[in-house]
Amino acid sequence: MSSSTVDPADPVFQLHLGGKMVVASTVPLTSREDLSLAYTPGVARVCEAIAADPALVDEYTWVSHAVAVVTDGSAVLGLGNIGPRAALPVMEGKAVLFKQFAGVDAVPICLDTQDVDEIVAVVRALAPSFGGINLEDISAPRCFEIERRLDEALDIPVFHDDQHGTAIVVLAALRNAATLLNRKLGDLRVAVSGAGAAGVAVTKMLIAGGVNPDQVVVCDSKGIIGAHRTELTGGKAELAASTNADGRHGDITEALRDADVLIGVSGGEIPEAAIAGMAPGGIVFALANPTPEVHPEVAARHVAVVATGRSDYPNQINNVLAFPGVFRGALDAGATRITEAMKVAAADAIAGVVAESLTPEAIVPSPLDPRVAPAVAEAVAEAARRDGVARR
């Protein structure tokens, strides 16, 4: 961004001036005794205790409430590969949301490399300072390998929010939309537009949450994914083997023919005629930002429930409903990883917050609803204990 695009009078730039974060102390430092307790010589006794019993790091440092927010700047918002420095305002924002909604201290870490091996090595080296790793805005397919390798290497939760945060909130919203329309998840025919990080994760999460994989059709930029696509690898190959039982070919219009649900996570434009081809009483989640795959007012002509990723329309599918509570719960339980059951529990908790007051315009809570993060945290911690990944 050139300096000519900066308007000092713009309230956005005014808010970001100097950054959105500071470091604050939790202890007084007003006397020599304070210094001797917080630093030398007193701190040496704590260091020796942790050296003798590493598990004490959770009790006597900030690790039990601290998360690293890590990016390489390769897939930032809808801006694309803008690099680590330009990504920093987003990571600061993420850290502020962690603190505001769940009391989790988060540190933005923007890496000046997009090499998978280097990213994995750096995060592994940083991990002792944190209780969890939130991967953010890392492009597919590299994000899948980075998360997998870190999850295998570390004994703390690793969570790529662009995948799993989105997927959790989509499952919560779809659960409530189905309830509102007196439908069952297992009976819904679902079309997913987009097979990047979010599309793959959303599809897997919906199946884990009760959607029948035989009734799911996923599209990428080349059309419907299925066994006929012999060039597919990785996550797309897994989708080809587990979805599209009818063997559909073609584009998103064919995928939407008689479908009950559209989940848009692609950024591509979907014509109104394709939405009109859906089954009556349908559900559309058009989540691309800032421009949804189909305008919500257009979609509303043909379906019963519409959601977007935008705050200026009803039913905002926003990751902030998920990630603060997910990490709070994982940290509270001392979880070594985040399991599918923990993600499903998070989705159920989000859905439950507004389960008694559902309307077509309110199938998910507001991102500012103070009930959400505590409910998610409690559900995630309980699921971690049931799954046997909790240390407390």
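**An aromatic cluster and a parallel sheet**

The charged end of Lys94 sits over the ring of Phe323, 3.9 Å from its centre (criterion: NZ of Lys or CZ of Arg within 6 Å of the ring centre and within 35 degrees of the ring normal). The model is predicted: local features need pLDDT of at least 70, side-chain atom pairs count only at pLDDT 80 or more, and totals for chains, interfaces and linings use all residues. Residues are numbered from 1 along each chain as its sequence is written, and side-chain values use heavy atoms, leaving out hydrogens and water.

Four aromatic pairs occur in the structure. Rings of Phe, Tyr and Trp (its six-membered ring) pair if their centres lie within 6.5 Å; planes under 30 degrees apart are stacked, over 60 edge-to-face, the rest tilted. Phe98 and Phe323 are edge-to-face, at 4.8 Å centre to centre and 65 degrees between the planes. Phe98 lies in helix H5 (residues 84–102) and Phe323 in helix H14 (residues 323–333), so the pair ties together parts 225 residues apart in sequence. Helices (H or I, at least four residues) and strands (E, at least two) are DSSP runs, numbered from the N terminus. Phe98 also forms an edge-to-face pair with Phe327, at 5.5 Å and 75 degrees. Phe98 is buried, at 0% relative accessible area (buried is under 20%, exposed over 50%, partly exposed in between; 1.4 Å probe, protein chains only). Phe327 is buried at 0%, and Phe323 at 1%. Phe98, Phe159, Phe323 and Phe327 form one aromatic cluster.

An open sheet of four strands runs S2-S1-S3-S4, with parallel pairing (at least two DSSP bridges between two strands). S1 (residues 66–71) and S3 (residues 132–135) pair over four bridges.
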